[in-house]
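Dear colleague,

I am handing over the structure below, and I would be grateful if you read it alongside the notes that follow.

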Amino acid sequence: MFRPLRENGPALLVPAAWTVAAAAVLGVVSTHALFVAHLVMSALLVGFVAASWRDMAAGVLRTWKLVILAGTPVTLAGVAGFLALGRSLGVPPDALLALSLYGWALLPAAGFVSTRNRVETGAWIYDVGAVCCVTGAVGVALAPGATWTAVALGVVGAGQTAGILDATLRY
């Protein structure tokens, strides 16, 4: 039962994560809910990469293992940012939260570029995913308000979801 969860879980978790982030920006969910989501994702990332370590030793899967390994401290930076909101940790909370947001918006873009160069079928999906990651990150940086920030996060989420769905269904 655990193997199907490892193989298919990311296709559900990626869109869920970006949906929660956009919902938090819009005030639909609390920042506490986003904090809890960061905690859960940190645990899932570590568990996933540990359980999949041997399976992700080469090729495209190795690329994504490296993305997850780089993304784990990025997620933990978000956790620290939420903790710093109420306490002084010596680092501005906004810097830690930005590192987490932009890290997870952009790290998969590198994974998509590497993936598109290794697959024969569906390479265009990974191009779209990479473009959505970068476009969405720029959109967040330039957004004049919460609604446009949520739209930009939706662009990131749509691109990443397309890539993970293709990988899950095709490979």
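**How the helices pack**

Helix H5 (residues 123–142) and H6 pack at an angle of about 160°, with their axes 8 Å apart, where axes are lines fitted to C-alpha atoms, for helices over the stretch in contact, and angles run from 0 to 180 degrees between N-to-C directions. Because angles over 145 degrees count as roughly antiparallel, H5 is roughly antiparallel to H6. Helices here are DSSP runs (H or I, at least four residues) numbered from the N terminus. This is a predicted model, in which local features need pLDDT of at least 70 and side-chain atom pairs count only at pLDDT 80 or more, while totals for chains, interfaces and linings use all residues. Residues are numbered from 1 along each chain as its sequence is written, and side-chain values use heavy atoms, with hydrogens and water left out.

The contact (heavy atoms within 4.5 Å) between these two helices involves, among others, Gly129, Thr135 and Gly136 of H5, and Val156, Gly159 and Gly163 of H6.

Helix H6 (residues 146–170) also meets helix H4 (residues 93–116), their axes coming within 11 Å and crossing at roughly 35°. Residues including Trp104 and Ala105 of H4 and Leu153 and Gly159 of H6 make that contact.

Thr135, which lies in helix H5, counts as partly exposed because its relative accessibility is 45%, between the limits for buried (under 20%) and exposed (over 50%), using a 1.4 Å probe and protein chains only. The side chain of Thr135 reaches the backbone oxygen of Val131 at 2.7 Å.

Note on methods:
Parallel < 35°, antiparallel > 145°, perpendicular 65-115°, else oblique. Polar contact = N/O pair within 3.5 Å; in protein donor to acceptor, adjacent residues only side chain to side chain.
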